[in-house]
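Please keep the structure in view while reading.

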Amino acid sequence: MRAASTILRKDLTLELRTLEVVPAMVLFSVATFVIFHFALNRAAIAGQLAAGILIGTLLFASMLAVNRLFVAEREQGGFDGFLLAPVDRTALLVAKALALLIFLVVLEVIAVPAFALLLLGPSIGPPLGGLVVLLLLADIALAVIGTLVSAIAIHTRARDLIAPIIGLPLLIPALIATARGAGPLLATHGSGFPQGKWLAILALYDLVFALLSYAVFDYLLED
Amino acid sequence: MEQGLPAIELRGLARHFGERTALQQVSVRLGAGATLAVLGRNGAGKSTLLRILATLLRPHAGEITMLGEPLPRRAFAVRSKIGLLGHEPLLYRDLTGRENLRYHADLHRVPHERVEELLDAVQMRDRAEDPVRTLSRGMVQRLAVCRAVLHRPEVLLLDEPRASLDPGAEELIEPLIGRPAQATRVLTSHDPKAALAEADLVLALKGGRPAFVTEPAHVTDAQLKELYA
C-alpha cells in the first residue's frame, strides 16, 4: 500500500496545483441547484424529490471527475512510468479510487450545504448524521465504479462519452438505494437515520464492485 | 544470473498492431554489459522493440529472456532492473523536477538522496523546483535520464537518448547512460554512425524484419545506405 499512498499523494498534489476537477464539480452542482430552484418555481422542496435532485446532481457531477481521473496518466506518460515500477498494479486502482473518494467528499462538504440553502425546505441539521453515512457508502460505489469505468474509457478515443455511457447504468442501483434512503431523511419531520436495507444494499454493492475491480483491473492496464 | 547466459535473448519475436506487422522474426543474443544498437528508418519497429523489452507491450509470437527471466511471464521479476528512456519523458508537467523524481524514487523504493545525487550529476538542482512544463526540452530530457537511472538498472533501453541535448548536456549524461554506466544497453539513434561507435552488436530493422544482425565493424556504408533508402 506504500505505492498506493505515493500515487495518491501525487494525485492530490496535482489537483491542488491545477484545480482541474473539484472546482468544476462544485460549480456544476451549485449551478444545477440554481437551475432547479428556478425551474421548479418552488421556494423549497423536501422528501423524495429533494433526495432525487441532490443525489442525481452529485452523480452527474462525479462524472466530471471520472472523466479526468486517468488523463494525466494517459497524456503525460504516467501509465508507463507506473508500469515500469516493480509494484502491484492494484496500487493504481486503490490510489485512484481513494483520490476520487476524496474529491467526492470535498464536493459534498460544499454542495450539500449549498443544496440546503438553495432548495431544501426542512432543516439539514437533524438528518445530517444519517445522510453522511448514506453519502459515504454511495461515494465508495462511485469511487470504485468510477475508477473502473475511467480505466476502460481512457483507452478509447471517445473517453468523455464512454465513461458516462458505461458508468451511469452501472451506478443506477446505487443511485436508487441512496435516493430511497435519503428521501425519508429529507422529509418534513423526517427520520434521523436511513433504513437499514438501503445501507445494506449500498454496502453489498460497494463490496461486489470492489472485488470485481480488484479482479479485472490488471487486465485493463494491459496493452 | 548464471555466468555465460546472455543478458537479453530474443527468438522469433513478432508484434502486430491490427493488420500492420511492427516486428517479425527478430532474433538476437546480447551479452551482459554489451550494447545493442537498433538501426532502421522511422517506423521500422525500433521503439516497439524497446517497449516490448521494457515489458510495456506483449509480443504476439516468439520468446524473450531477459536477465535469465522469461518475458512477459516473469515481467515483475525484471522491472526493477530495467531503465527505459523513451520518446516521452514520463514526467508530470505540473509537478516539479524534484517532485517527479521523488515520486518515481518512491515507486522504486529508492532513497531521496539518490534524487539529489542525480540532480547534481545533470546540473539541474537550480531548476529542480520549477514545474516541468516551464523547462526546455533539453532540461526535460536531462530529468528523464535521471528518472530512467534512478534505481541503477542493469538493463538500459534508450530510444534516441541524446535527442534535444546540446554537447554539454550529452557529456553530463554520458556517465549515467553511456558505457561508463556498465549496464547492458539497447539503444536507437537517428545518427547511425554515432550508434555504431558505441555498439557491440547491431540489429538493423527494415519494415519490422531484421535486415542484418552483425558486429559494428562489419557494417558497410552500402548496407546503411540501403537500410535508410
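The expected span of a helix is 1.5 Å times one less than its number of residues. The model considered here is predicted. In chain A, helix H7 comprises residues 128–153, a run of 26 residues. From the first C-alpha of H7(A) to the last, the distance is 35 Å, close to the expected 38 Å. Of the 26 residues of H7(A), 20 are buried, so this helix is largely enclosed by the rest of the structure.

Helix H6 of chain A, residues 90–118, can be examined in the same manner. Its 29 residues should span 42 Å at 1.5 Å a residue, and the end C-alpha atoms lie 41 Å apart, which agrees.

Helix packing comes next. Two packed helices are described by the angle between their axes and the distance between the axes. In chain A, helix H2 (residues 22–39) and helix H3 (residues 47–68) have axes that come within 9 Å and cross at roughly 150°. Angles over 145 degrees count as roughly antiparallel, and H2(A) and H3(A) are therefore roughly antiparallel to each other. Their crossing is right-handed. On the H2(A) side, the residues that meet H3(A) include A:Phe28, A:Phe33 and A:Phe36; among their counterparts in H3(A) are A:Ile53, A:Leu58 and A:Leu64.

Helix H3 (residues 97–107) and helix H5 (residues 137–149) of chain B pack at about 15°, with 9 Å between their axes. H3(B) and H5(B) are therefore roughly parallel to each other, and the crossing of H3(B) and H5(B) is right-handed. The contact draws on B:Gly97, B:Asn100, B:Leu101 and B:His104 from H3(B), and on B:Leu143, B:Cys146 and B:Arg147 from H5(B).

How many residues of chain B are in contact with chain A? There are 22, and they touch 20 residues of chain A. Strand S6 (82–85) and H3 of chain B are the elements that give two or more residues to the chain B side. H3(B) provides the largest share of that side, 5 residues.

B:Leu56 is situated between helix H1 (46–53) and strand S4 (61–66) of chain B. Is B:Leu56 buried or exposed? B:Leu56 has 21 other C-beta atoms within 10 Å and is therefore buried, the cut-off being 20 or more. B:Ala75 is 19 residues from B:Leu56 in sequence, and their C-alpha atoms are 9.4 Å apart in space.

Note on methods
Residues numbered from 1 in each chain as written. Chains lettered and ligands numbered in written order. Predicted model: local features only at pLDDT ≥ 70, side-chain atom pairs only at ≥ 80, totals over all residues. Helix = DSSP H or I, 4+ residues; strand = E, 2+ residues; numbered from the N terminus. Buried ≥ 20, exposed ≤ 12 C-beta atoms within 10 Å, placed from the backbone. Axes fitted to C-alpha atoms, helices over the stretch in contact; angles between N-to-C directions. Parallel < 35°, antiparallel > 145°, perpendicular 65-115°, else oblique. Left-handed = near helix turned anticlockwise from the far one by under 90°. Contact = placed C-beta atoms within 7 Å.
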